Amino acid sequence: MFDEKDLQQIREHGLTPEQAETQLENFRRGFPFLNVVRAASPGDGVLVVGAAEADAAVERYEKESAGLGVVKFVPASGAATRMFKELFEFVNDGKRGKGIDTLLENIGKFAFWPELRAVLPAGADDRAIVNAIVGDGLNYGRKPKGLVTFHAYPEGARKAVEEHLVEGAAYAAAGGVVRIHFTVSPEHVAGFKELLAAKVPLYEKRFGVRYEISFSVQKPSTDTLAVNPDNTPFRQDDGTLLFRPAGHGALIENLNEIDADLIFIKNIDNVTTDARRGDTVRYKKVLAGVLLDLQGRAFEYLKALEVGGAELEPIAEFIEKQLCVKLPAEYDSALLRAVLDRPIRVCGMVRNEGEPGGGPFWVGNPDGTESLQIAESSQIAPDDLPLMQSATHFNPVDLVCGVRDSKGCKFDLRRYTDPATGFISSKSSGGRDLRAQELPGLWNGAMAKWNTVFVDVPVTTFSPVKVVQDLLRPQHQ
């Protein structure tokens with residue numbers, strides 16, 4: 001399966017040949033399915049916050065945030081290959097579908113059009129125009145989404161990473177400082193730094209804040225091999241193996257190194273324009289306020305249990321009704337303490353409108369409890385898939401995390417993962433289909449043993465860009 005050059009490449013990546021073989025076996029065998037009990041829904045695992053409650057949560061966060069260490073954590077290491085997959089197919093193979101027609105018919109509506117027009121050769125035909133987007137020209141096919149121009153404004157267009165600067169100033173400023181951490185691929189660090197060096201002073205002046213920007217990269221030893229659809233190793237044009245970051249799950253290492261009290265997590269491509277940002281800002285603060293309330297009460301109950309003699313029933317009721325952990329019929333103070341003494345995440349969930357991706361579910365655990373988990377379709381057994389189809393909500397990756405314990409010490413987040421949780425996904429590289437292995441997802445198995453609360457948030461807070469044509473949607477115009 002592997003020749004000597006392959007083995008050398010594997011070792012240089014920080015992996016052993018045995019680990020590489022295990023990864024291939026995971027592709028062949030797959031991962032065990034989650035013990036899904038039912039989809040979470042309003043009143044049963046999804047909290048619907050009324051206007052007054054939302055106002056109170058916002059007020060709590062705004063009041064307490066000045067004294068907290070707040071960080072906005074943005075996974076931005078993914079390449080934009082899937083975003084431009086259809087464009088690659090047109091350039092490389094002449095395959096022209098409806099998406100290419102939509103792109104070319106509306107080319108002037110894209111925020112990157114002025115940049116594109118400046119690099120187009122005279123008399124460029126359709127194929128040359130598309131090639132100038134993904135290849136020589138803008139070179140977007142080899143750039144991360146964060147460095148793609150998303151939105152047009154009278155004062156100038158903004159790339160996705162800039163919109164996170166704007167968002168951060170609106171809800172993640174603590175004491176006048178906005179701390180944002182981007183996880184990026186090593187080859188793109190310089191591009192991010194160059195752009196931000198030029199833009200940060202402008203936004204600091206505009207919003208009256210100071211930015212502290214930091215970066216980290218996924219460790220190569222957490223990468224996984226890519227395979228062809230037949231599960232044989234995917235090889236690049238030069239014959240070398242293709243390693244891919246093992247999904248967001250590998251970022252638990254990066255997240256674990258963030259020194260903060262509250263960490264907001266949101267994908268790089270889920271941004272909207274200034275005119276439509278109101279709900280996003282409000283509900284980020286709502287999620288944070290809900291977390292601070294739950295965390296404070298959990299800490300009080302933990303202290304009561306440590307003193308001894310605490311009445312267990314009110315604590316169990318809080319755990320079941322507020323922290324959404326269903327306890328077994330027989331429980332003791334040790335189990336209650338174990339449940340309370342965990343990292344906590346409050347996750348925004350939008351109404352399910354058919355977007356691909358994971359959703360909120362109740363899952364049975366080995367200790368006899370049931371808890372809330374975010375699950376992808378590939379993690380759910382075929383017989384249980386109707387549960388996903390009946391789900392009322394969808395995961396937009398909109399999290400606020402509390403990562404300190406009741407004594408103010410940081411949790412070691414690596415202790416709260418489920419290594420057996422992973423999934424296989426379909427991706428592409430240079431227009432060619434491949435299978436990728438993600439184990440475990442940051443908001444799936446990598447946070448499996450956190451306390452998890454789901455909150456209903458407006459669909460207006462969700463504006464992803466999965467394919468380039470999504471930039472034509474109203475939330476990006």
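Colleague: Hi! Which helix gives the largest share of the lining of the largest cavity?
Modeller: Helix α11, residues 278-307, with four residues of the lining. Keep in mind that this is a predicted model.

Colleague: Got it. How many cavities of 30 Å³ or more does the structure hold?
Modeller: It holds one.

Colleague: And how much space lies in the largest cavity?
Modeller: About 60 Å³.

Colleague: Which residues line the largest cavity?
Modeller: Its lining is made up of Leu294, Gln295, Ala298, Phe299, Leu323, Leu340, Arg342, Ile344, Gly402, Arg404 and Asn451. Sorted by class, that lining has six nonpolar, three polar and two charged residues.

Colleague: Thanks! Switching to helix packing: at what angle do α4 and α5 pack?
Modeller: Helix α4 (residues 85-93) and helix α5 (residues 98-105) pack at about 95 degrees, and their axes are 9 Å apart.

Colleague: Why would you call α4 and α5 roughly perpendicular?
Modeller: Angles from 65 to 115 degrees count as roughly perpendicular, and the angle here is about 95 degrees, so α4 and α5 are roughly perpendicular to each other.

Colleague: Nice. Which residues make the contact?
Modeller: From α4 there are Glu86, Leu87 and Phe90, while α5 brings in Lys98, Gly99, Ile100 and Leu103. By class, this contact of α4 with α5 has four nonpolar, one polar and two charged residues.

Colleague: Now the strands. What is the order in the open sheet of three strands?
Modeller: The order is β1-β14-β15, and the pairing is antiparallel.

Colleague: Remind me, how do strands of a sheet pair?
Modeller: Through backbone hydrogen bonds, in either a parallel or an antiparallel way.

Colleague: Okay, back to our sheet of β1, β14 and β15. Which are the edge strands?
Modeller: Those are β1 (36-39) and β15 (370-375), each of which pairs on one side only. Neighbouring strands in this sheet are turned by 35 degrees against each other on average, with direction ignored.

Colleague: How many bridges join β14 to β15?
Modeller: Six bridges join them; β14 covers residues 359-364, and the two strands run antiparallel.

Colleague: Last one: what is the bridge partner of tryptophan 362 in β15?
Modeller: Look for leucine 372, the bridge partner of tryptophan 362 in that strand.

Methods
Residues are numbered from 1 along each chain as its sequence is written. This is a predicted model: local features need pLDDT of at least 70, side-chain atom pairs count only at pLDDT 80 or more; totals for chains, interfaces and linings use all residues. Side-chain values use heavy atoms; hydrogens and water are left out. Two strands pair if DSSP finds at least two bridges between them. Axes are lines fitted to C-alpha atoms, for helices over the stretch in contact, and angles run from 0 to 180 degrees between N-to-C directions. Angles under 35 degrees count as roughly parallel, over 145 as roughly antiparallel, 65 to 115 as roughly perpendicular and the rest as oblique. Contact means heavy atoms within 4.5 Å. Ala, Val, Leu, Ile, Met, Phe, Trp, Tyr, Cys and Pro count as nonpolar, Asp, Glu, Lys and Arg as charged, and the others, Gly among them, as polar. On a 1 Å grid over the protein atoms alone, a cavity is a set of points where a 1.4 Å probe fits but cannot get out, and a pocket is an open set with protein on both sides within 12 Å along at least five of seven lines; lining residues have an atom within 4 Å of a point. Grid points are joined across faces, edges and corners, and a volume is the space filled by probe spheres set on the points.
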